[in-house]
Each structure stands twice: as C-alpha cells, then as structure tokens.
Amino acid sequence: MTPTVPRKSVAVVGAGAAGALVAVRLCEAAVRRGVPLELFLIDPAPEAGRGTAYATRDPRHLLNVPAGKMSCHPDDPGHFVRWLCRHGEPTIRAADFVSRYRYGAYLADTLGHAIIAAHGVVRVRRLKARVTDCRWSHGPAGHARLELSDGKAVDADGVVLATGPAHSSPAGLPSALRTSDRFVADPWAPGALDAAAGERCREDLLLIGTGLTAVDVALRLNRPGRTVHAVSRNGRLPQAHALSPLPATPPTEPLLGLPLPRLRTEVRRHIGRVLRTQGDWRPGLDGLRPVTAELWASLSVEERADFIRHDGSLWNVHRHRMPPATAETVARLRRARRLQTAPGGITSARQLPDGLLSVGLGDGHELRVSRVVDCTGPGLVPADTSDPLWRNLLHRGDAVPGPLGIGVTTENGRLRDRDGRTARALWTLGAPRRGELWETTAIPEIRVQAAAVAEALLALPAASSRRCRSFRTTTG
C-alpha cells in the first residue's frame, strides 16, 4: 500500500501584491514538485492582489513602471501585456503606463488561474481576518500557530509575512496637528480623502511629502481655485520617465567594494558618461539596478547612514519616477501655481475659529489650509509600527530590526531571531527587507523573492507528527 504523503501547510500573511505573488509561485511549484499543499491566504482586504498600492480606482493613478516590466513571471516578460490585450486593451504596448487598479485585477486573475491549475494538489483557503500574533511550538518539528483578529487560530508548517510597507509614524508632528480631525494620517485608508475630494470650497491643502504618494494625492484633490502645497525635507518632486526610454546601460568600471566617497564619484562619472553619449541620464541609473543590492550590502552601517542622510532623497526622486502623462499634468499644475512645493518641515499647528488649520513651516511662513495629508510614504523602522503581529514578533525576539533599524534581519528572506538563528520556517519579502537590500519594493524585485521563498518552503520536510490537517482552524 502506497503511504500517504503528508500535506504541508503554509500561511501567507497579506494578500496584496507580495502575498499574491508568493501564492502563485507556491501553487506552481507544488504542482511541479508533486507536493500536496494546504495554503492559507490571510488578509482582511475584500480582494486578493490589490493591497494598498493597487486598490485605488482613480484612473489618474498610474503604475510608475511600464507594463512590459510588470509581469508576474520573470521568465515571461510579456505576460502582463498579453493579459491587457485579452482584457479590453488590444493596442497596449510594453512601454505604456496603465492604471494601478488594472494591475490589481491582473494579479487577482493570475492568482485565480494558478489556484485552478493546482486543484487536487493545492487546497486554498482565503481568510478575511488580520493576524495579530504568530507563536511557534518547540522541538525540531515545531509549527506556527497564527492568532487571528476574529478569535480563531490557524496552524501551519511555514509562514510568509507578505505584509507590505508599514505606515510611517506621525510622532514627529505637532500634537495639535496629529489630534486634529483635519489631519489625514493615511491617504490610502478607505474613504480617507473623500471629504477633501468632495469639498466644493476653495480652501488650500497641505501635503507632507513630495514623493509619488504626494503626486497621486495632489492629482486626486486638485480643484480649480485651490492650491495644493507640499513640503518635504528637500522639496523635490520625482523625475519623469522618458517618453521614448533607452535600454539600461550598466557601468563599465567595477563598483563593488568601493568606499562610499569613491562610490559616489564613480556613479556620477558613469551617469555623466551615459548622459554625454546618449543624451539621457536614465539609462545610466537603470543600469545600476542589477547591482544595487550588492553595492548596498558592501557598505558599512555608517556608510549606509551617510548615504541615506546625504543621497537618499536624490536617489529616490531619480530612481522612482513619474509616468510621462502624470509628469505632464504635474507640470501644468505647477505652472498654474496650483501645486507648490517647498523644502522644510512643519513646526506648529493650531485650529482656527472657522475650523481651518494654521500650519507653521520651517521657513517662518504660515499656511491656512482645510486639510493636512501625510504623504511621507511607508515607514522604515519596524519598531514604530502599529501592526500587532510585527510588534509581538519584535518584542519576543522572533524578529529583530535590520541595519539602522530599517526593516528586519533575514537570511535570504528567512527571519533571524535575537540569537541570530533561522530555526523557524518564517519568511518575509518586499518592504521588510529594505534595510538589507535597499531596493526591494518594486514588482521586479518582489517576484524574484516570491519564487525563492516558495521553493524554500516546499523544500522543507513535512512534519510527520502533524500529518494531514484539513484547513485546520480553531476557535478561542
């Protein structure tokens, strides 16, 4: 009699882009390896694949990467473009920028097809709850018990934390602003901008941050007669993608192992050479992408801190660029003085008798605005997170902060505990690895990490003591 192969169980926490990509690769790898799998996909969001990034329905919110580079599959770069052609956009090209909402639909559809194709090998259960804690049993066959916000619990052999970027902390802002009902701490929370978007009044608005999030919010809240102000440490808006992009040009000189001052010099020389020969700096910067993680890893902690302090903003505005159509709209708004940016921070805030806010800026100016929206983007330091799961893992030492306190420490995505061990089958990918990789939040990086995590999980031996648990959830 043929023995029954134990069915492995994996819980993926988070059903946004990272979670969906992990689930897709788990389904595909399980079928290829012939490994029976029980897959829990846990997230309170109504739809899988969207997360925060791809839930916006505003058609002005576009991907900041061309469609040809957004495939779920690294070995099939045309997959997303073909999907668009089959789903109502037959004239789409690889160089086009499409709406973020469409990309969320693509992720959900790709996940659905992967689940159907894996039927009989992979059993999937979608749980619409938040994971509040993850504890591990002792012993070599230890497994995880995930506690859910609805009072239930899930047991799993392996866990993937695909939670995406953490929200930034507003702790540095004046308390009068943080406690005001005119302050929007998370512009992507459902309904957060509805009041400001629906206001017919012409009162101005203030955005904290001048990155891609601020650009999206400015497009959403732009109204005739209204000025949208945006402030950040350097006051820089993202650069634009080229209308006719050129291929990436890798550096001709070796960069790995150089101290930061020399690395700065060589990178500037490389980009300068590309600009002189091709008339565009973008191919030079794009040519650094394959080696960015290695260069970051080669720097000391002190050099990384120096880079963030002196080069981080300049890197971000050139590396994370606006689609051409978005950049054109932003340029029109700036020419009309309906979008104004400035360097500096917020020093004071007070509520006015008419309900508006008077906000003091670092340069001594005061703005009278109806809303202040925090557009600083994701937080870097996990210790500041309000997510109960990450807080519990960090408190117990099951996870430890990464370099400079950014993200968490891993070994190829597998979390290290406070003793430096990777004893638990606990992985993460994407934003939580930023301290180690720096560039880790875009789809081209996440899809590669998702494939590696899926292969590592399925290579683990099944725990015979647990045998087959059929979608086991418990109450209490």
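## Two loop residues with positive phi

Leu404 sits in the loop that runs between α13 (388-396) and β17 (410-411). In this predicted model, the phi of Leu404 is near 60°, a positive value in a residue other than glycine. How exposed is Leu404? Leu404 is partly exposed, with a relative accessible area of 35%.

Arg337 is another non-glycine residue with a positive phi, here about 65°. You'll find Arg337 in the loop between α12 (324-335) and β12 (339-343). Its relative accessible area is 52%, and because the cut-off for exposed is over 50%, Arg337 counts as exposed.

## Glu436, a buried charged residue

Now to a helix. Glu436 belongs to α14, which covers residues 434-437. Glu counts as a charged residue, and Glu436 is buried, at a relative accessible area of 14%. That falls on the buried side because buried means under 20%.

What does Glu436 touch? Setting aside residues up to four places away in sequence, Glu436 touches Trp296, Pro403, Val408, Thr409 and Thr410.

Lys128 is in the loop between β3 (122-127) and β4 (131-136). Is Lys128 buried or exposed? With a relative accessible area of 55%, Lys128 is exposed.

## The nonpolar cores

The largest nonpolar core has 74 residues, and Leu26, Phe80 and Leu146 are those with the most contacts inside it. Helix α1 (residues 17-33) gives this core its largest share, eleven residues. Apart from this core lies another, of 23 residues, with Ala214, Val217, Leu221 and Leu237 among them.

Back to Phe80 for a moment. Leaving aside neighbours within four places in sequence, Phe80 is in contact with Leu63, Ala67, Met70, Ser71, Val98, Tyr103 and Tyr106.

## The second largest pocket

The second largest pocket holds about 530 Å³ of space. It is lined by 20 residues, and Val267, Leu285, Leu288, Phe307 and Trp315 lie nearest its centre.

Which helices supply at least two residues each of the lining of the second largest pocket? They include α7 (260-278), α9 (292-298) and α11 (312-319). The largest share of that lining, seven residues, comes from α7. Sorted by class, the lining has 14 nonpolar, three polar and three charged residues.

How many disulfides turn up in a search of the whole structure? The search finds zero. As a reminder, a disulfide is a covalent bond between the sulfur atoms of two cysteines.

Cys134 counts as buried, at 1% relative accessibility. Cys375 is buried too, with a relative accessible area of 3%.

Conventions:
Residues numbered from 1 in each chain as written. Predicted model: local features only at pLDDT ≥ 70, side-chain atom pairs only at ≥ 80, totals over all residues. Heavy atoms only, no water. Helix = DSSP H or I, 4+ residues; strand = E, 2+ residues; numbered from the N terminus. Buried < 20%, exposed > 50% of the residue type's maximum accessible area, 1.4 Å probe, protein only. Contact = heavy atoms within 4.5 Å. 1 Å grid on protein atoms, 1.4 Å probe; cavity = no way out; pocket = protein on both sides within 12 Å on 5 of 7 lines; lining within 4 Å. Points joined across faces, edges and corners; volume = space filled by probe spheres on them. Core = buried A, V, L, I, M, F, W, Y, C linked by side-chain atoms within 4.5 Å. Disulfide = S-S within 2.5 Å.
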